[in-house]
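Subject: Two-chain model, handover and findings

Hello,

Here is the structure we talked about. Please look it over first, then read my notes below.

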Amino acid sequence: MIEFADLAVKKCRKLGADEAEAFVQNQQTVEVVLERAEIQNERFKTHSGIGIRVIRDKKLGFAFASHLSKESIEEACKAAISLADVSTPNPEWVSLPVREKLPKTPEGVFDPEIANMSGSKMLNLVIRAYDEAKHFDKRVVIDDGKFSAILTEMAISNSNGVEAQEKTTRIEGYLICVAKEHGETSSMAYEYDASTTLKEFSPTRIGRTAAEKALASLHSKTTESFTGKVVLEPDPASFILFYPVINSVNADNVQRGRSIWAGKIGEKFAFPELTIVDDGLMPKGINSSSFDSEGVPRQKTPIITQGKLVNFMHNSYTANKEGRKSTGNAYRESYTMLPTIAASNLKVEAGKKTLEEMVSEVDKGIIVRRFSGNVRPDSGEFSGIAKQVSYIENGEIKHALKETMISGNAFQALKNIIEIGSEIRPTEIRAYVPPVLVDGVNIISKQ
Amino acid sequence: MDVLKESLQKKSKLGYAELRYHKRQTFSISVKDGKIDALNSGTVEGACARILKDGSWGFASSTVLEKEKIESMMENAASLAKSSKPKKERLVNLASVKPHVDKYETVMKKDPRKADKEELVKLVLETDKAVRGFSKTIVSDTVTLNIVDDDLIFLSSEGSEIHQRVVRCFGSVTAIAREKGNITSAYESVGAQSGLEILDKTPLMNAGLIAAERASKLVTAKVAPAGYFPVILENRIVGLLAHEAVGHCAEADLVFGGSFLADKIGKKVASEKVTLVDDGRYPNGFGTMNYDDEGVPTEKTVIIDEGVCRNFLHSRETAQHFNARPTGNARAWNFEFDPIIRMRNTYIEAGDYTLEELAEDIKEGFFLKGGLSGQADFNGEFMFGTQEAIRITNGKFADSMRGVTISGNAFEVLKNVDAVGKDFLVRVGLCGKEQINYVGMGGASLRTKLLLGGAK
């Protein structure tokens, strides 16, 4: 793969580019889709191609191609150059990253068992999740789900001597269940998990937890509206609280005045026990690798330390603008995209209390297992439907609640954290998050 | 093309076979705070095979279009159909469809393949400049323009051969305003299935000015309150209601799963003011095509006719199961995916009220504008975000507040519709149902009641 990247960089230089970079990606996915309570489809997908970035007189052009051959790469090089020519110069452009010594590939990010996943093995895995949910309790009905085993190869080369390639694997899956009893249908329960190794991926845990969550929301009642304490499970916690954090520490947003935290490094913004690091080298981290999407070494970057903002996340462009080093947070989801900034593995440090202990501290409040709503990442406003909710009184879960709306402000909520849980889980926003207990959330009854 | 045809003939014994070829060429411009990010263009090209053998589907795709690869892709699909069959409880039968040999191309005056890229760059830079210059409170903006040009070929072992070229032009503007420690953003989009002439008809500049004005206005505004209110939903938001909350419940695969509409054909599910359709042929619609990805001709499907549920949206498979006619709703995002039931352009038909007339009978309520993302469960419980809530007091529009997420049961909300406006439009949308796809959504502003998830 790296030979395609090298070829592209050489060709672009020949065509007159001041600088050039090529990103080659090859992703093989084995996927099983469950729909309407049965195996709907099984697919093998290949997502591969090359993205070429060129700079001439501070003007940038980018072109991509899905076909990896000498001819199509040369054509893409020409396209990238001709686009740079019709663009206007960006006075803030400094340069592509320069070659640096890369750290060792983080431990446990490649598993040959996932890389060589067969269709039948994948199907068996899904059936284990499916059977677990189905046999857990007669009242549980599976709605849909999807399980994927993904092998990603990435190679980067640029005209400043960067040359890197690596293979990583990931297996992930989710299941959506409802529970039905006496004409009542529970709200839809969702459970997700992901791992870099097959050994540590438990489809039965997904099946069981989805079923448990669906059952927990049967026999639902309503409550009056109030403002109070909410236990957010990892999925809703990551979306409501930490998605605005990721947005606000993105150096591109900071530099462009889009972050509420611009110019405020060193200030206290959260509960004093909240510590967040972005760790691109985390062993077995879902998004761990030795280098980022520009070939810059990954690193461990403290973001919030004991409630205090300590760092922003950079790629080479935002770092160069400030004359500092990139934090290795360049990101592209696909070879068709230019690098942006994203967390690698945003890790919210665990607290000491289990979920049960957290619930036991709530005099009056709710526990939210799923959130379907909108979060404004810039201002922090959030509002939406809390699904899979239960009502807590005097430290005990009393009963399920009918779907309830919640609203508030994430930045305010970060200060209103009462407790951080001990069980960290990977969530879908590139973060590892424990459950969090916050105060001051508006709970709005739908009655 | 010939390669695909030959492979299809050679492998005719594998079962019912569909081959799809898809070449997607894209060009995009993104300007951030006056600086061009990098002009971006590219091509993604590939093919896929879907094979039905003894009631079981198999699917495989490839980006290599050589003859041997196409044939082995077909064999892979056939072997998946065979191996997964024992795990499937329901076996597939397809409703019969006449094979079509036909061509379709987006109606265009200005073909983007002949576009002057410098002109387009200029257009985006001008919009960016106007947005940033709108007021002192605008601190940042992003303006994008995208052209997506799809070449599609559908071949089936039943003899279909359909060529379609679908061109979509669309853009968006995000404006960020800051004042006295407050920050807010506003977003607006434009676009259609069209050549570049759509940018003359509905300029990017208009979207830019709407976003800039909204962000400036809302930066110091308070968040709308929580509670159950009479509201006017702006036409652009009505599309979200039509699509998210109602349309999904009419998708036959979800009907099969027991969606709200499952037993409602012929029954009243909405106020008689409501006629809701999913139209595969709406002129310039983002989801318009003459044939779906199973080679079925598209049509205008009436889901709710003056309050009564009439039809579901079908693939060939569900049409057979429900003993209905296929409606041309099987769509795939690209060659990496098999077609599933998707909406095309979903909207509520216009009424005859002006906005002022809609407000007249509201004593205390809100005019909700600017959609954000939405979601619905198949029982009709929905939510979607709004950007702006203009207070209505004694029938008159008053001050603007920051929008909040709204929620309700779609069918209760539709039963409460007592007036529909005449400001009809269909806008661009992206829908994510396992795989994403381009859809149109729209309608006219209407009056109803629902829950605002706002502040205390």
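First, a term: two strands pair if DSSP finds at least two bridges between them. Helices (H or I, at least four residues) and strands (E, at least two) are DSSP runs, numbered from the N terminus.

Some ground rules. This is a predicted model, in which local features need pLDDT of at least 70, side-chain atom pairs count only at pLDDT 80 or more, and totals for chains, interfaces and linings use all residues. Residues are numbered from 1 along each chain as its sequence is written, while chains are lettered from A and ligands numbered from 1 in the order in which they are written.

**Confidence**

The model scores ipTM 0.91 and pTM 0.93.

Chain A has 10 helices and 22 strands. Its radius of gyration (taken over C-alpha atoms; the globule rule is 2.2 Å times the number of residues to the power 0.38) is 24 Å. The rule gives 22 Å for 447 residues, so chain A is as compact as a globular protein of that length. Its C-alpha atoms fill a box of roughly 70 × 55 × 35 Å along the principal axes.

Chain B has 10 helices and 23 strands. A compact globule of 456 residues would have a radius of gyration near 23 Å, and the 23 Å of chain B agrees. The C-alpha trace of chain B spans about 70 × 55 × 35 Å along its principal axes.

**Where the chains meet**

Contact here means that the C-beta atoms of two residues, placed from the backbone, lie within 7 Å. By that test, 63 residues of chain B touch 61 residues of chain A. On the chain B side, strand S3 (residues 39-53) gives the largest share, eight residues. That side divides into 20 nonpolar, 23 polar and 20 charged residues. The classes are: Ala, Val, Leu, Ile, Met, Phe, Trp, Tyr, Cys and Pro as nonpolar; Asp, Glu, Lys and Arg as charged; the others, Gly among them, as polar.

Strand S2 (residues 38-56) of chain A and strand S4 (residues 56-62) of chain B run parallel, joined by two bridges. A:Arg43 has B:Phe59 in S4(B) as its bridge partner.

**Domains**

Domain bounds come from an automatic or database domain assignment. For chain A, the assignment gives domain 1 (2-215) and domain 2 (219-241 + 350-444). Their C-alpha centres are 30 Å apart. Each of these two domains of chain A puts eight residues into the contact. On the domain 1 side, strand S7 (residues 189-195) of chain A gives the most, with five residues. By class, that side has five nonpolar, one polar and two charged residues.

For chain B, the assignment gives domain 1 (2-218) and domain 2 (227-452). Here the C-alpha centres lie 22 Å apart. The contact takes 34 residues from domain 1 and 27 residues from domain 2 of chain B. S8(B) supplies the largest share of the domain 1 side, six residues. That side holds 15 nonpolar, 13 polar and six charged residues.

**A six-stranded sheet in each chain**

In chain A, six strands form an open sheet in the order S11-S10-S9-S14-S21-S20, with mixed pairing. Strands S11 (308-309) and S20 (425-427) of chain A are the edges, and each pairs on one side only. Strand S10 (residues 300-305) of chain A runs antiparallel to S11(A), with two bridges between them. A:Thr305 stands opposite A:Lys308.

In chain B, the open sheet of six strands runs S12-S11-S10-S15-S22-S21, and its pairing is mixed. Its edge strands are S12 (308-309) and S21 (425-433) of chain B. Strand S11 (residues 300-305) of chain B pairs with S12(B) over two bridges, in the antiparallel sense. B:Asp305 stands opposite B:Val308 in S12(B).

Best wishes
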